[in-house]
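Subject: Structure handover

Hello,

Here is the structure you asked about. Please open it alongside this note, and read on for what turned up.

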Amino acid sequence: MKQDHSPDLKQCADEPIRVPGAIQPHGRMLVLSASAALLAWSDNWPQQRSALAALAQLPRSLEALEPSAPPAPVGTLDIDGKAMDASAHRSGEHIVVEFEPCSPQSGIRAPIYELARSFLPHLQKADSVEVLAEAAAAEIKRLTGFGRALVYRFDEEGHGHVLGEACEPSYPSYLKHCFPSSDVPTQARALYCLNTIRLIPDAHYEPVPLRGADAQWDPRSLDLSFATLRSVSPVHLEYMRNMDTRASMSVSIVVGGRLWGLISCHDHAPRHLSFETRAACEHLGRLLSLQIEAMENTADVATRLELRKLTLEIVSHLADGDATLQRLVDEPVPLLRLARAGGAAVVLDDQCWTTGETPRTAQILALARWIAQRGASSFANDRLAQEFAPAAEWQAVAAGVLAISISQVHQHMVLWFRPEQVQTIRWAGEPHAKHVDAQGRLHPRRSFAAWQEQVRGRSLPWGAAEIAASVELRHALIGIVLRRAEEMAEVAAELGRVNKELEAFSYTVSHDLRAPMRHIAGYVDLVQESDGAQLSERSLRYLANVRHAAAYAGQLVDALLDFSRMGRAELRRGSIDMSLLVRELAAEFARQEGGARIAWDIEDGLPALWGDPFLMQVVVRNLIGNAVKYTRHREVPQIRVCAVRRPEGAGIMVSDNGVGFQQKYVGKLFGVFQRLHKAEDFEGTGIGLASVRRIIERHGGTVWAEGQPDQGARFGFVIPPVAADRAPHSNPKD
């Protein structure tokens, strides 16, 4: 019964092409055991004894064949009165012997010599891959006599782009055309890497099945990956016929261990090639592969060298400054050239700096968050909108993105953008066209006429060298950041040591100055009491000034001593009822002179804080005291105290309608002895707010101030909540 070889495109991608269980009919096959015993033969031997007679002529050296090696020539044998060339290879535990009609010896005009004479000079002169492809197509057409020869390479998606062609006038040209990836399924690509040449002399052949000596032997158990006669997929045969191709040959171009492309030959008529010619074509494919690999490696090395120079330029610029990442955009030329980008951005959490053509800041920050969620240290995409839908709005400036992440904790990122590059692809036939027959079977496309498609939403693809350069820059930036962090840590340690020395010094000085200040005031009092009646009015005024100055100096010394103690004293934390503390201090200030005029507004439900009760009383006393002091000239002083609750903690804010201050001077407010108003107008030592900041920072919190001249001021702070391992009833000692 005749086998049904009707193709179905749906099974093509999963078809077991390595184990077809059949061969092409222009040759014969024997399958031997490891000990050279006959196991199976092709069904086109006239009779079994012919197969046995052929077996008897084979040399015993077949048992020494290496596994996974290509077919080796065995010699010319007399098979049923006809000279046939024999070759053999090992497939697993089997030895496969193939027989083909013998070709006349070419002698010194053998194809391999012709190849060396004519092709190698072109190979050496070629200065581009396209020139190489043209030379290879012309040479393989000359060697084989096929009507058309194509050389094409596969892109990242597996589509084949025709770079070179040589053909007769009666053949349609496919130069600069593109063949869809579905033309060469995945398992076929893997086989092309393994067996680098395949010949189909006649696409109209009927497969010849293999027959086992044992009826239980399964022909599909034999791997024919290296077999020259291996029967091919019926889908591919139909593809050839639709292309008006009767005979074809494919030679693999393997670069760096991957299938870079193919040399594909077609003819309108059946065409068989001798073993010598096929060997020459296979050799041509290897020479072409080596030359392409050398060209690409040379170009890649040159590109990487150029990009490394740019990386060093960027890093040098950054290292000469303060090493903050936002300074990358200060020198945009090397940054953009590094990735051949139209725009770039530096993202530090919720801040963004850009150069060149980029999306808006909000769009960049949203993209950075999406990339960060992927968790990769680098990301490259030349059709961003397909994965990140919002990018469709701004693909005119950023259809592709390359990004590197500088931190695993923070959202610190450098991004490069490439604009949309509209491409027009000329396909060899509509790539998505399929034919369904009456039985519902899918068939390959029937037409190979040029079919154009415009592709949008893509940028130029990111090259391997550019991605590698961005990763190298990432490592360099991390190194700079880490080195700067070490330097900052050293500076912080030195500042800590100096601060401790200053605290000790200020404590000693302030402590030692208290006695002289008291002595000055005491001696002034003695002079006034004993000799006051004899002194002139001017002398008495001078003594009063000295006493006032000594008293003020004493206050400064006391304040400085308290300030020093705040940095040295151990924190004794506990739960603080801020509502009670604020109302008690407000009542205290209300009893003082002028305090009765103050309009107090104390919000109910002030938060309970976890801190040192004594030091927190100092903080609140200073804040409320300042509000009272700077509102004394108002007809109706107004002081409001409200709660502040933030993710990082809780606290209070004290607002007033006093004299206020210019916001640009806010940095001076919390410094020691810093004053924004004349001492004659408002008394004070200039240490109160410095004490507030020191206490709050020792609690791990933050303090701030806001104000406007003659419109009042607002001072607030927050400190962290009670730690998870700490409860109000625990030992308050820190």
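How does Arg 340 count by relative accessibility: buried, partly exposed or exposed? Arg 340 counts as partly exposed, at 39% relative accessibility. On this scale, buried means under 20% relative accessible area, exposed means over 50%, and partly exposed lies in between (1.4 Å probe, protein chains only).

Before the rest, some ground rules. This is a predicted model, in which local features need pLDDT of at least 70, side-chain atom pairs count only at pLDDT 80 or more, and totals for chains, interfaces and linings use all residues. Residues are numbered from 1 along each chain as its sequence is written, and side-chain values use heavy atoms, with hydrogens and water left out.

**Overall**

The protein has 15 helices and 29 strands. These are DSSP runs numbered from the N terminus: helices are H or I with at least four residues, strands are E with at least two. Of the 734 residues, 46% count as buried. Contact means heavy atoms within 4.5 Å. Among contacts with a separation of 6 or more, 67% come from residues 24 or more positions apart.

**Two loop residues with positive phi**

Arg 340 has a positive phi of about 50°, although it is not a glycine. Arg 340 sits in the loop between helix 7 (332-339) and strand 14 (343-348). Ala 36 is not a glycine either, and has a positive phi of about 70°. Look for Ala 36 in the loop between strand 2 (28-32) and strand 3 (38-42). Ala 36 is partly exposed, with a relative accessible area of 26%.

**The largest pocket**

Rolling a probe the size of a water molecule over the atoms shows where empty space is left. The search used a 1 Å grid over the protein atoms alone. A cavity is a set of points where a 1.4 Å probe fits but cannot get out; a pocket is an open set with protein on both sides within 12 Å along at least five of seven lines. Lining residues have an atom within 4 Å of a point. Grid points are joined across faces, edges and corners, and a volume is the space filled by probe spheres set on the points.

The largest pocket has a volume of about 1500 Å³. Its lining takes in 46 residues; Arg 153, Phe 154, Asp 155, Glu 156 and Pro 461 lie nearest the centre. Elements that give two or more residues to this lining include strand 7 (148-154), strand 13 (258-267), helix 6 (275-320) and helix 10 (464-531). Helix 6 gives the most, with seven residues. By class, the lining has 15 nonpolar, twelve polar and 19 charged residues. Ala, Val, Leu, Ile, Met, Phe, Trp, Tyr, Cys and Pro count as nonpolar, Asp, Glu, Lys and Arg as charged, and the others, Gly among them, as polar.

**Cavities and Ile 197**

The structure holds four cavities of 30 Å³ or more. The largest cavity has a volume of about 40 Å³. Gln 24, Asn 195, Ile 197, Arg 198, Ala 227, Thr 228, Arg 230 and Val 232 line it. That lining has three nonpolar, three polar and two charged residues.

Ile 197 belongs to strand 10. Ile 197 is buried, with a relative accessible area of 14%. Leaving out residues up to four places away in sequence, Ile 197 touches Met 249, Ser 250, Val 251, Arg 278, Cys 281 and Glu 282. Ile 197 and Cys 281 are 84 residues apart along the chain, yet their C-alpha atoms are separated by 8.1 Å.

Helix 4 (residues 186-194) has these buried residues: Gln 187, Ala 188, Arg 189, Leu 191 and Tyr 192. They pack against strand 7, strand 10 (197-200), strand 12 (247-255) and strand 13.

**Strand pairing**

Two strands pair if DSSP finds at least two bridges between them. Five strands form an open sheet in the order 24-26-27-29-28, with mixed pairing. Strand 24 (599-602) and strand 28 (702-708) stand at the edges, each with a single partner strand, so one side of each has no neighbour in the sheet. Strand 24 and strand 26 (residues 638-646) pair in the parallel sense over four bridges. Gln 638 in strand 26 is the bridge partner of Ala 599.

Strand 11 (residues 208-212) pairs with strand 1 (residues 22-23) in the antiparallel sense over two bridges. Strand 3 also runs antiparallel to strand 11, joined by three bridges.

Best wishes
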